[in-house]
Amino acid sequence: MKRTVLIAAIISGALASPVALAREDDCKVPMAQWQPREAVERMAKAQGWTVRRIKVDDGCYQIRGIDADGREIAVKIDPGSLAIVRMKHRNGRGDGDDGRSAVPMPPANEILTGPTPPKAVIQ
Amino acid sequence: MRIKTLIAGLAMTTALTVPGLAMARPITLTTTLKNYGGNGAYLALYVTDASGAYKGTLWVAGSKSKYYSHLSGWERASRGNVAGINGITGASVGAGRTLKVTVDLADALFDAGYKLHIDVAAEDMRDSPSEVVVPLTTAGAGRPMAGRSYIQTFTYGM
């Protein structure tokens, strides 16, 4: 009896683990509810992105291109709602919604208090 | 009533922000190097107050922090605060080239005893801390001055 329970536990564990391993950024939208590629292009345009490539990955649309700030991006889009599932910048960090900006913040010192960060050119 | 309050509020906030903006102005710091015949130079531009105490860095030309110890005046003043220069570093400056830094400086820094220092160092050559030390004054703006060994001319303009 005990052995049966143990075997059952092992089997259920083995069956459950692939589900547990499935990544959170996968999309599970039935094919019938998928929006067309053109809709994805329109959505990207509305965001100010320049699209280089649209492909399907892990059940999501994936856009590769350049965002409005000129940074390279890879964005996963839910094919049904066209919501952003995950956004990566070129440096490989997922920073879709953490509010980090492309312009480095001026350092906290007493001199640099102006709104624009210092700039330099070499001629 | 509500709109009136809104307008009054807007007027107040605008009145509060406008002087804030007027208190800083963009300053261009132009440093031209001599043809000293060596590799690109590292420069640190920083400000000290009337008592000589370090107040802050405006720009560091040269991105490898392992060489910052050669900018000895700046390193000592800032206590090697590399984190404090995040976002204000750039490439080193070649011999004979001109570095132009544009920075917003508070009006309060002018005619109040503040001094701008420039440290220079180049590979296998003599370090030159405080190569230029110039008091920040409105009268001194646009007046070129020479450095000790690497800097041909330095001017700050408003």
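I started with an open sheet of four strands, in the order β5(A)-β5(B)-β1(B)-β8(B), with antiparallel pairing. At its edges I found β5 (119-122) of chain A and β8 (151-157) of chain B, each of which pairs on one side only. Neighbouring strands in this sheet are turned by 15 degrees against each other on average, direction ignored. For my own record, axes are lines fitted to C-alpha atoms, for helices over the stretch in contact, and angles run from 0 to 180 degrees between N-to-C directions. Strands (E, at least two residues) and helices (H or I, at least four) are DSSP runs numbered from the N terminus, and two strands pair if DSSP finds at least two bridges between them.

**Ground rules.** This is a predicted model, so I kept in mind that local features need pLDDT of at least 70, that side-chain atom pairs count only at pLDDT 80 or more, and that totals for chains, interfaces and linings use all residues. Residues are numbered from 1 along each chain as its sequence is written, while chains are lettered from A and ligands numbered from 1 in the order in which they are written.

**The core.** The largest nonpolar core has 41 residues, and A41(B), L43(B), L45(B) and L58(B) touch the most other members. Such a core is a set of buried Ala, Val, Leu, Ile, Met, Phe, Trp, Tyr and Cys residues joined through C-beta atoms within 7 Å; buried means 20 or more other C-beta atoms within 10 Å of a residue's own. β2(B) gives the most to this core, with seven residues.

**Chain A.** I noted a second, separate core of nine residues, among them V40(A) and C60(A). Chain A has two helices and five strands, running α-α-β-β-β-β-β from the N terminus. Of its 123 residues, 13% are buried.

Definitions and conventions. A residue is buried if 20 or more other C-beta atoms lie within 10 Å of its own, exposed if 12 or fewer, and partly exposed in between; C-beta atoms are placed from the backbone.
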